[in-house]
Amino acid sequence: MKKDLYLDFDSTIVNSDKSFCRIYNTHYKDYENFVPADWTKHSNWAYKNICPLIHEHEEHPIKTIQDYYGSKEFFDHLEFYDHAYDVLSKLKEKYKLIICTSAFPMNASKKVLWIEEHIPQVDEIIILIDKSGNGYGKARVAMMEDDAIFIDDHPKNLHSTNASRKYLFKFKETDYNGDWDGEIVSSWKEIESLLL
Ligand SMILES: [Mg+2]
């Protein structure tokens, strides 16, 4: 029987920060003090360091960030991390692929449709929508099947489940991914050699 492999979506399979920065750069390009956002410098979950104009000009910056994540533009330009697609195709032979992702009401359906269109290899999609925005990490999903594996870019999510093997996807250093002393992967090639 195939083992269960749980995978986060944003900033684990796809480069969400890059797509986010693209929207910011289009929207704010004519504003005073505009500096193009560089996704490789992303380190704060609310994009304070690379997209400061959101925090300067928007009354509800977090709502604006959620709107970006729910926009058609965001999904139109969403890209896989290098080799993610090919490695997922290979992993499918050996694992049941389950995407486990947090979402907002306004981006959940677009996210599912994007996954359907671009990653048909996926067997199951679990979407967690906590309307308060506080959330329980991914604790609602126990991941207690034998040898279940979970890969996520956020330590809080990894800590919140009971998967037997957990890996932090650490593409780059951020101010929220330091709290982790477990195993780390930093590319999909690494995931390939580890799990296949
Ligand atoms: Mg993520």
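Author: Begin with strand pairing: two strands pair if DSSP finds at least two bridges between them. Helices (H or I, at least four residues) and strands (E, at least two) are themselves DSSP runs, numbered from the N terminus. Two notes on the source come next. Residues are numbered from 1 along each chain as its sequence is written. This is a predicted model, in which local features need pLDDT of at least 70, side-chain atom pairs count only at pLDDT 80 or more, and totals for chains, interfaces and linings use all residues.

Reader: How many bridges join β2 to β3?

Author: There are 5, and the two strands run parallel. Across the pair, I99 stands opposite I125 in β3. Between β2 and β3 the chain passes through helix α6 (residues 105–118), and this β-α-β crossover is right-handed. Right-handed means that, with the strands pointing away from the viewer, the path from the first strand over the helix to the second runs clockwise.

Reader: What is a nonpolar core?

Author: A nonpolar core is a set of buried Ala, Val, Leu, Ile, Met, Phe, Trp, Tyr and Cys residues joined through C-beta atoms within 7 Å. A residue is buried if 20 or more other C-beta atoms lie within 10 Å of its own, exposed if 12 or fewer, and partly exposed in between, with C-beta atoms placed from the backbone. The largest nonpolar core here has 44 residues, of which L5, Y6, L7, F150 and I151 touch the most other members. Several elements supply at least two residues each, including β1 (3–7), α1 (16–28) and β4 (149–152). The largest share, 5 residues, comes from β2.

Reader: Why does this core lie between domain 1 and domain 2?

Author: It lies there because domain 1 (3–14 + 80–195) and domain 2 (16–76) both give residues to it. The domain bounds come from an automatic or database domain assignment.

Reader: Is T12 buried or exposed?

Author: T12 counts as buried, because it has 25 C-beta neighbours inside 10 Å. T12 is found in the loop between β1 and α1. Contact requires C-beta atoms, placed from the backbone, within 7 Å. Not counting residues up to four places away in sequence, T12 touches L7, I151, D152, D153 and F169.

Reader: Which loop holds N33?

Author: N33 lies in the loop between α1 and α2 (52–57). N33 has a positive phi of about 65° although it is not a glycine. With 8 other C-beta atoms within 10 Å, N33 is exposed.

How values were computed: Contact = placed C-beta atoms within 7 Å.
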